[in-house]
There are 2 protein chains.
Amino acid sequence: MTVDRGTRPTRRAVPSTRTPGEQLATAVPGEVGDTARPVPAATVARLAVYLRVLTTLLGEGRGVVSSEELAAAAGVNSAKLRKDLSHIGSSGVRGVGYDVSRLTAEVEATLGLTRPHAVALVGVGNLGHALAGYGGFAQRGFPVAALFDVDPALVGTEIDGVEVEHAAEIPRVCAERGVTIGVVATPAAAAQEVCDHLVAAGVRSILNFAPTVLAVPAGVEVRKVDLAVEMQVLSFHVARRHGSVPAAGHAPATPGTTATTPREAVTR
Amino acid sequence: MTVDRGTRPTRRAVPSTRTPGEQLATAVPGEVGDTARPVPAATVARLAVYLRVLTTLLGEGRGVVSSEELAAAAGVNSAKLRKDLSHIGSSGVRGVGYDVSRLTAEVEATLGLTRPHAVALVGVGNLGHALAGYGGFAQRGFPVAALFDVDPALVGTEIDGVEVEHAAEIPRVCAERGVTIGVVATPAAAAQEVCDHLVAAGVRSILNFAPTVLAVPAGVEVRKVDLAVEMQVLSFHVARRHGSVPAAGHAPATPGTTATTPREAVTR
DNA sequence: ACTTGTGAATTCGTTCACAGCA
DNA sequence: TGCTGTGAACGAATTCACAAGT
């Protein structure tokens, strides 16, 4: 059934079908006290993207940037970008654009990046080891303050100057070093237990690489990065392509299809 | 059933001038074909999660499972799960539940997992190396068919039985081995070029780990995994906690809050 | 003239609640 | 008595389009 309930909306533009989406994440709070919740959740994820672009621009000495340009570089549409920025109480200058350094500072402040966040990484296996060695963390304000594992062969070794300690030490070490973010890179079977320890140690934000849904008490934020899921979503699209469309010739520019089609990438 | 989608606008104009874009997209516009293909995008990502749970259940010999149980294990609410399954034309049995093995097969079919998808991984640095060694890929039907890098020190080496070849070989090798999915794990500066090569080689699905927005032609699907973004989103939540709300210990079960899943996790 | 900021329209996604069937 | 499947209410996110500054 379609439709037509009461009011008749006005329809004017062509029904453009574009599919946006993102797996979005968690909803931000709400919760009790009700401190008005600005910053719409989906916006938060994009702010991080804008920040990267801004940093690049800053490095290039750009003084101001328009929403159009910034949006293109971030791969989003400009109206969305402006709305996003409006949520953080931004202030660009009409007719001109945004001051790059000021906007950078505002975004950083919103994301809570004005001070570093100590990170504890649990599970120094294949992936965990790579993450520990990945400079990106420390570089962007997330110093790896502790590493844990249960494997006796790993405990005691050092990665990038940080010693691997036994997972049993999580509570003590995390408390001592003021860890605020935990990264779980253990096998699925161990993830929940590790998560429980982190939570007990006061960690309220967790990035989970283990292929499991973690159960956590309210107030703890979990973000999940699941490679298998990503691959399977791509698989879906590969399969989708064979689904229909008798491949009549091949249209190069099939509108409405999948793709990310910005005009130009940021870097390079 | 019978959703009659009344007015079918049929065909839209090409969004010529500006193409906004984003990642993830699905819901295929149906094009002109007949069978409108639903599967709402957001649903696709969750199907992969359900699949993992189903696989576990299958391994435990469970014959049937209710939407309530499956949903709990997957960390979603049961109504959502049922709606998701309805999109893939599922059929559970009222009063009973879903047949585990049948549902597993249906989900796999929908995700296009009935046959393996050859993967090419470009960038065998820190992260790339870990990904290459990560058994999860091959295990779940995504055999790593090729590895590439530009570093002479890496080219020629072997990881898990697969030789690292020079990135210049991407076109030839990908075509030869029927690669359908590309994984970009290079530094940001090289990502776009690598992406272009993959696309030229016919790869239409790309998983991007590089911190850059990739520009691709329509028809190519890009999914992005950005660690910095994940960390920064968590940072936002850490900061949020200090913003206000004296964090007095409060009600445990506040629905709609931050957390992922109260209740119980799948494993363990 | 140009670009931001934003109300309003629209689309997309989630949740409710119940009819329908084993 | 369950539990599924789904219309319909609801809510979140996106896009439009234009008024408001500069």
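First, the ground rules. The model is predicted, so local features need pLDDT of at least 70 and side-chain atom pairs count only at pLDDT 80 or more, while totals for chains, interfaces and linings use all residues. Residues are numbered from 1 along each chain as its sequence is written, chains are lettered from A and ligands numbered from 1 in the order in which they are written, and side-chain values use heavy atoms, with hydrogens and water left out.

Let's start with chain A. Chain A has nine helices and nine strands. Helices here are DSSP runs of H or I with at least four residues, strands are runs of E with at least two, and both are numbered from the N terminus. Chain A splits into domain 1 (42–110) and domain 2 (118–227); such bounds come from an automatic or database domain assignment. The centres of these two domains, taken over C-alpha atoms, are 31 Å apart.

Of the 268 residues of chain A, 47% are buried. Buried means under 20% relative accessible area, exposed means over 50%, and partly exposed is in between, with a 1.4 Å probe and protein chains only.

Now the DNA. How many residues surround DNA strand D? The count is 29, and the closest are A:Arg46, A:Arg94, B:Ser67, B:Gly92 and B:Tyr98. A residue is near a strand if one of its heavy atoms lies within 4 Å of it. By class, this surface has nine nonpolar, ten polar and ten charged residues. Nonpolar covers Ala, Val, Leu, Ile, Met, Phe, Trp, Tyr, Cys and Pro; charged covers Asp, Glu, Lys and Arg; the others, Gly among them, are polar.

What do the protein chains meet on the strand? Of the atoms of DNA strand D within 4 Å of the protein, 64% belong to sugar or phosphate and the rest to bases. Look at the lysines. A polar side-chain atom of A:Lys83 lies 3.4 Å from a base oxygen of DNA strand D. For B:Lys83, a polar side-chain atom is 3.1 Å from a base nitrogen of DNA strand D. The largest share, four residues, comes from α3(A).

A:Leu198 is in helix α8 (residues 188–200) of chain A. Is A:Leu198 buried or exposed? A:Leu198 counts as buried because its relative accessibility is 0%. Its contacts beyond four places in sequence include A:Val122, A:Ile170 and A:Cys174; contact means heavy atoms within 4.5 Å.

A:Thr114 sits in the loop between α4 (100–110) and β3 (118–122) of chain A. At 62% relative accessibility, A:Thr114 counts as exposed. Leaving out residues up to four places away, A:Thr114 touches A:Glu108 and A:Ala109.

A:Gln232 belongs to helix α9 (residues 227–243) of chain A. A:Gln232 is buried, at 5% relative accessible area. Among the residues it touches in chain B are B:Leu111 and B:Phe142.

Last, the core. The largest nonpolar core has 104 residues, and A:Leu111, A:Leu131, A:Leu147, B:Leu111, B:Leu131 and B:Leu147 touch the most other members. A nonpolar core joins buried Ala, Val, Leu, Ile, Met, Phe, Trp, Tyr and Cys residues through side-chain atoms within 4.5 Å.

Methods:
Polar contact = N/O pair within 3.5 Å; in protein donor to acceptor, adjacent residues only side chain to side chain.
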